[in-house]
Amino acid sequence: MPKPDNDLLQRFLFEQSDIRGEIVSLQDSYQAVLANHKHPASYLTTTVNTLLGEFLSAAALLSATLKFDGIITLQAKPKIPGPLELIMADCTRHNNLRAVARLHEHNPADERQCNFRELLEGGFLVITIDPAKGERYQSVIAIEHDSLSDCLNTYFQQSEQLPTRIWLAADGDRASGLLLQALPIQLQSLEQRSELWQHVSLLADTLKADEQLALGHDAQLHRLFHQEALQLFEPTALQFSCSCSRTRTANMLVSLGREEVDAILEEQTSIDISCEFCHYVYRFSPAQAAQLFINTPPTLH
Ligand SMILES: [Zn+2]
């Protein structure tokens, strides 16, 4: 069997049509994210690790639809904090991926396996597009479906953007995803595009999660679309990389306010802030912390 692709994002086009696709496979970047997850072993570890893979794949696929430099973030929270408080992934236009899930202490009596909807009951999935230049844009989606892909597909269907569909798979070892998107009419009539859209969407619906995880991009696309003329572009590499920095951490401390920072320093000899995504520790001595507020007016109460 041909080997699956690793940490690659690849675009394809149905020739002479206004439909394109993206396909992604993650392994090392996904494993780097899971290795950074130091939450205690939980009955939900398998479920959450699978969800993290799906979030990473979705962020990578959606980043490929951005027309500008920026970052796309998918974040989901339940209405009432349960065992899973938050899950999020982001991907930059330069293919830097990261993700995190916050798990709560739980009562062993409550242990039961839950799917995406049950874990995030009544909550929202927020997609944020943060361009390097310009205003950030957010879409808020109610979590009413059992899987992240169903949730995203319903949103694509209801929003007025270009017809888009997504198929996601992850198993704690590998993650993969497929995205189809109809482009503005250029080469086909609207009717021709709709007909082809129906056809290729139905074919993609036959793709099984284990095929997504076991097959390379060529093999997956051949399996689905061997009767279509397809152009597959060169893949681009994806990697785990965290966008945290000392400056951002310092800004966060400034936003906490001087009083709060002073209160922490009364109890500790320094302020240590660990990045939730990569666990890098940013340390601020009392002098460094004081320096942050030199040009900042004190917080008023
Ligand atoms: Zn970091």
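Predicted model: local features only at pLDDT ≥ 70, side-chain atom pairs only at ≥ 80, totals over all residues.
The chain falls into two domains by assignment. Domain 1 is made up of residues 8-184 together with 232-240, and domain 2 of residues 246-292. The centres of domain 1 and domain 2, taken over C-alpha atoms, lie 30 Å apart. Contact between the domains involves four residues of domain 1 and four residues of domain 2. On the side of domain 1 that touches domain 2, two of these residues are charged, one is polar and one is nonpolar.

Six strands form an open sheet with mixed pairing, in the order β7-β6-β3-β4-β5-β12. Its edges are β7 (137-142) and β12 (239-240), each of which pairs on one side only. Within the sheet, β3 (residues 70-77) and β6 (residues 124-131) run antiparallel and are joined by eight bridges. In this pair, K77 has F124 of β6 as its bridge partner.

Strands β4 (residues 84-92) and β5 (residues 96-103) are also paired in the antiparallel sense, here over seven bridges. L84 is bridged to L103 in β5. The two strands form a hairpin with three residues between them. In this hairpin, N95 adopts a positive phi near 65°. On the pairing of β5 with β12, the sense is parallel and the number of bridges is two. There, L97 is positioned opposite F240 of β12. β5 therefore takes part in both senses of pairing, given that strands count as paired from at least two bridges: antiparallel with β4 and parallel with β12. In general, the side chains of a regular strand alternate between the two faces of the sheet.

Turning to the helices, the packing of two helices is described by the angle between their axes and by the distance between the axes. Helix α1 (residues 28-35) and helix α2 (residues 45-63) have axes that come within 10 Å and cross at roughly 135°. An angle over 145 degrees would count as roughly antiparallel, and one of 65 to 115 degrees as roughly perpendicular; α1 and α2 are therefore oblique to each other. The crossing of α1 past α2 is right-handed. The contact draws on Y30, V33 and L34 from α1 and on N49, L52, G53 and L56 from α2. By class, the contact residues comprise five nonpolar and two polar, with no charged residue. Gly is counted among the polar residues, so G53 of α2 belongs to that class under this scheme.

Notes: Residues numbered from 1 in each chain as written. Axes fitted to C-alpha atoms, helices over the stretch in contact; angles between N-to-C directions. Helix = DSSP H or I, 4+ residues; strand = E, 2+ residues; numbered from the N terminus. Parallel < 35°, antiparallel > 145°, perpendicular 65-115°, else oblique. Left-handed = near helix turned anticlockwise from the far one by under 90°. Contact = placed C-beta atoms within 7 Å. Domains from an automatic or database assignment.
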